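Thanks for coming, everyone. Let's take a quick look at charged pairs and backbone angles.

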Amino acid sequence: MTTSAAAVWGRAEQQDFRARVRGCLLGGAVGDALGAGVAELPLDGIRAAHGQEGLTEPVPAYGRRGAVTAATQMTLFTVDGLIRAQVRRDTGAWHPPTDVHRAHLRWAATQRDWGPDERRKDNGWLAREEWLYARRDPARACLTGLGDEILGTLDKPKNPEAADSGALVRSAPFGLLVGWEPQLVCQLAVECAAQTHGDPAAHLSAGALAVVVHGLARGESVDGSVQRALALLTQRPGHEPVTDALQRALGAVRQGMPNAVRVTDLGADEDRAEGQLAAAVYCALVGEDIRHGLRLAVNHDGPSAATGAVTGALLGALHGETALPPAWLAELEGRSTILELADDFAMEMTQGAALHSPAESHPGWLARYPRG
């Protein structure tokens, strides 16, 4: 079995990539969990409950500290779908949007079933993780868009008026396809977002997030990665709400000390994808470290878990897993699952040819990520 794919990556590059993949997925989950603790509170309520500085440390949500929302659940299934797409490529069937859609359908089953269906051998290992079988405030458009097996497309998107952040918060993993060109990463994220969210602002925000993460995962700056996203988005119809929001995020950096007012003014107080993206980009740009960036991201009037999840994914991809707060990680729900999936993704992207090929495949890998 050939190992040529692994040869393209030196050991140092593989380790750096794995650290950024782990950072992106764990960071998104940590930010999601931090925001979940104040998701129902306006800023005044957050300060009344936690002091004038607002929330500074994780607090319980869904009955425990470190619990994640549907944002993290769906992100994990996005990763699962991307791995399955790579594995299924050996068969000549190469259509990643379909594989991601199938993965999200497996997530949708976790929202209605009591637990894993052991009869479904093609589900792979992630869908057998019992902790994922919990409804954690998913966006309505995600549930309705995945309520049947019809694939939404850009020509015929699901939920044409859905502009919330439900697709945005699951889209960071597309940016981890570092071997792809940025415009292809953007296109895949946009197509997959349209499977549940039809408003152009929603699916273009998802594409923009993927491009920014793509740059960060390749060692570039936040500013430079956002500039690339802007350049790619301006070629697409309906881009103005997203590009305007990103430009405001870049401009806000020069307007003085970061605070909750600036985050709110960027649109964090509303559950619209472009506002959540802009607020998260701003927090990633001005955050002194991951703690500071995430604290800034969750203290506002809007959906704190969404802003926290996107900010955490950006900062995790930028700095890698070692920069994440150890105490916050220690209590994170599903941490071992997230690490296992992150390492599988990194292995598939760097050493996939050693695991499977059209002629020969490792049976253990296909049991984890079936081609069906």
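Start with Glu220, which is partly exposed at 24% relative accessibility. The cut-offs: buried is under 20% relative accessible area, exposed is over 50%, and partly exposed is in between (1.4 Å probe, protein chains only). Its side chain meets that of Arg228 in a salt bridge, 2.6 Å from N to O. Arg228 is also partly exposed, at 28%.

A word on the source. This is a predicted model: local features need pLDDT of at least 70, side-chain atom pairs count only at pLDDT 80 or more, and totals for chains, interfaces and linings use all residues. Residues are numbered from 1 along each chain as its sequence is written, and side-chain values use heavy atoms, leaving out hydrogens and water.

How many salt bridges does the structure hold? There are 15. Each is a side-chain nitrogen of Lys or Arg within 4 Å of a carboxyl oxygen of Asp or Glu.

Next, Asp148 and Lys158 form a salt bridge at 3.0 Å. Both lie in the loop between α6 and α7, so the pair ties together parts ten residues apart in sequence. Helices here are DSSP runs (H or I, at least four residues), numbered from the N terminus. Asp148 is partly exposed at 33%, whereas Lys158 is buried at 13%.

Now the backbone. Most residues other than glycine have a negative phi. Tyr62 has a positive one, near 55 degrees. Tyr62 sits in the loop between α3 (43-50) and α4 (70-88). Asn159 has a positive phi too, near 45 degrees.

Terms used
Helix = DSSP H or I, 4+ residues; strand = E, 2+ residues; numbered from the N terminus.
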